[in-house]
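Have the viewer ready and follow along.

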Amino acid sequence: MQKVVVGLSGGVDSSTAAAILHHQGYEVIGLTLWLMKGKGQCCSEGMIDAADICEQLGIRHEVVDIRDVFETNIIDYLVNGYSGGITPLPCSECNKTVKFGPMVQYARQKLECDRIATGHYAQINYDPDTRRYQLFRAADRNKDQSYFLYDLSQDLLAAAVFPLGELQKTDTRRIAAEYGLTTADKPESQDLCLVESNGSMRAFLDKYLAPKPGDIVDTNGKILGQHEGIHHYTIGQRKGLGIAAPEPLYVISLDAVNNKVIVGDRTQVTQPECTVNRVNWVSITEPSTPIRAQVQIRYRSTPTPVTVIPLENSRVRLVFDEPQFSITPGQAAVWYEGDKLLGGGIIHQ
């Protein structure tokens, strides 16, 4: 039998992925990463549910304490980013440095296994002509998580298996019920694990960042109001500014050096292009000339036509066919050719 390590969070998706592979005849080992204390599928209650699933399937269950890794790579990453005036995207960073990387390392070193599986909704294909592993959107577009996986290396993609990639979410629930899994009816997590654990992103950040009052100003420097810390704001934000104006105002930039929130009208937060750093080319090698693609600048944003212009030092310039609203430094820009994920990186400016 082929051996595969399945990352188990305690949710229905990862549980069903494990059950599918187990019923296909694989030797399945459940692996749960202990990321932090508190509520949430990745924490204590998730570990209990994951252990129940492993007992139900009759498979081995391993728990690895990587709270220190999560603290450094995610919590510090978020706190430093927000305090510096950007809005970091933790999920893609977590997938690469906290989940897939450590899982593959543990599987190879401790379990003598080269394959790992998760409950992510995405698909992988190997192209023998280019000798590259390619990442594609999931069959269920509403659940597609390829956007969060853009930063996986070729080595990690080679090791990964996504049993749910060709399924609809309704199929996952149905299969879980058919197998009698205890997680079949478990509610989905609706937020980031840190938000779920702390109640809100603001509450999480307030645990680490003290209030730092400053001015809310317009583009001319006129003071319109006060804030308690720039980490409470993000680009494009309209609600919760606490200022009165004859027309709607949006956050257009965050000045960490001078501790100011700059606001303006909608046209001032709509831009024709942006630069992207830390680019990872996934399904294709880095091109030497501009390419056409469709880009998402947020997870739920509609893919929009773009020209991707390669720059030096793992950077690109994105020139949109139509100016885009709320381009947010720290978030991921991910570009596709149809369903094929070509590459992605972190929005810089």
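The notes below cover the cores, then the ring pairs, then the charges over rings. Please keep in mind that this is a predicted model.

**Nonpolar cores**
- The largest nonpolar core has 49 residues, and Val5, Phe70, Phe100, Leu135, Leu194 and Phe204 touch the most other members.
- Several elements each supply at least two residues of this core, among them β2 (27–34), α3 (67–83), α4 (90–110) and β17 (340–347).
- The largest share, 7 residues, comes from α4.
- Leaving aside residues up to four places away in sequence, Val5 touches Ile29, Leu31, Ala107, Leu111, Cys113, Arg115, Ile116 and Ala117.
- Another core, of 18 residues, lies apart from the largest one and includes Val295, Val306, Phe320 and Ala333.

**Aromatic pairs**
- The whole structure holds 8 aromatic pairs.
- Tyr147 and Phe148 pair edge-to-face, because their planes stand at 85° with ring centres 5.3 Å apart.
- Tyr147 also pairs with Tyr299; the centres are 5.9 Å apart and the planes are at 40°, so this pair is tilted.
- Tyr147 sits in the loop between β6 (132–136) and α5, and Tyr299 in the loop between β13 (291–296) and β14 (304–311), so the pair ties together parts 152 residues apart in sequence.
- Tyr147 is buried at 1% relative accessibility, whereas Tyr299 is partly exposed at 23%.
- Together, Tyr147, Phe148 and Tyr299 form one aromatic cluster.

**Charges over rings**
- Arg137 lies over the face of Tyr336, 3.6 Å from the ring centre.
- Arg266 lies over the face of Phe325, 3.9 Å from the ring centre.

Definitions and conventions: Residues numbered from 1 in each chain as written. Predicted model: local features only at pLDDT ≥ 70, side-chain atom pairs only at ≥ 80, totals over all residues. Heavy atoms only, no water. Core = buried A, V, L, I, M, F, W, Y, C linked by side-chain atoms within 4.5 Å. Buried < 20%, exposed > 50% of the residue type's maximum accessible area, 1.4 Å probe, protein only. Helix = DSSP H or I, 4+ residues; strand = E, 2+ residues; numbered from the N terminus. Contact = heavy atoms within 4.5 Å. Phe/Tyr/Trp six-rings, centres within 6.5 Å; stacked < 30°, edge-to-face > 60°. Lys NZ or Arg CZ within 6 Å of the ring centre and 35° of its normal.
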